[in-house]
Amino acid sequence: MLLAIDMGNTHIVTGCIDGDRTLFAERLSTEHTRTELEYAMGFGTVLELHGISPSDIDGAIISSVVPPLTNIIACAVEKIIGQRPMIVGPGVKTGLNILMDNPRAVGADLVVSSVAGIAEYGAPLIIIDMGTAATIAVIDRDKNYIGGIIAPGVEASLASLVARTAQLPNISLDVPDSVIGKNTVDSMKSGIVLGCASMIDGMLDRIEDELGYSAVAVATGGMAGTVIPACRHRVIIDDELLLKGLNIIYGKNRGKSHKNA
């Protein structure tokens, strides 16, 4: 059984995978002040809730876009399962051909989701990750990662809007009943949620125009379930995409030592 962890700026997605079957996927908050022990307790609690013993876990893999916390999370995992996890980064085989100015600068989460997306849905492919940032990765028909888009995510947009205005409240994010809001809260929901959905629709059109052909669109991330249903394009929601990618990458590198990763 594999323990897979994707560390983002806001949440840490953790799950256990048995073969090709994801047993669970849970989210923990990313907190820069937490210690190895506190993170270890969090992972241990999640495993306990799902009835999984650390002794059942054969290995672990981490992707992270928060470098200061990567080693802390790795040490926390080691406390739980007694072995060093694999960390997605230089030296780890992914099988992904990245056609970028600096391939090493591509975020681990983008690499992992692209690996999973190609395996699950083929190519050409457009992958939308609705996290702290709204990222879009583009895979051409030859399965090359050719680039993407980075935009503010809906939660980051809301936080910035509330912080920089005197009268706008902090609100919950869901799809409003109409585009034209009749009050402040619905107006904010329209601007943030429907505005993000419209951005995605517009970017999908522009990407396909630039590619010269259509592509399958897949979305993942914490806010995908809120924003994507409001899109006019057909976009598949896959909440387990990153965990699937971590499982694939672990399989490509199984047996390789990562003590110094």
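User: Which strand gives the most to the lining of the largest pocket?

Analyst: Strand 9 does, with four residues. This is a predicted model: local features need pLDDT of at least 70, side-chain atom pairs need 80 or more, and totals for chains, interfaces and linings use all residues. Residues are numbered from 1 along each chain as its sequence is written, and side-chain values use heavy atoms, without hydrogens or water. Strands are DSSP runs of E, at least two residues; helices are runs of H or I, at least four; both are numbered from the N terminus.

User: How many residues line the largest pocket, and which lie nearest its centre?

Analyst: A pocket is an open set of points on a 1 Å grid over the protein atoms alone, where a 1.4 Å probe fits, with protein on both sides within 12 Å along at least five of seven lines; lining residues have an atom within 4 Å of a point. Here 34 residues line the largest pocket, with Asp109, Asp129, Gly131, Ala133 and Thr135 nearest its centre. Elements supplying at least two lining residues include helix 3 (108-121) and strand 9 (144-152).

User: Is Ser190 buried or exposed?

Analyst: Buried means under 20% relative accessible area, exposed over 50%, partly exposed in between (1.4 Å probe, protein chains only). Ser190 counts as buried because its relative accessibility is 9%. Ser190 sits in helix 5 (residues 184-211).

User: What is Ser190 in contact with, leaving aside its neighbours within four places in sequence?

Analyst: Contact means heavy atoms within 4.5 Å. For Ser190, the partners are Pro176, Ser178, Val179 and Gly195. The Ser190 side chain also reaches the backbone oxygen of Val179 at 2.6 Å.

Technical notes: Polar contact = N/O pair within 3.5 Å; in protein donor to acceptor, adjacent residues only side chain to side chain.
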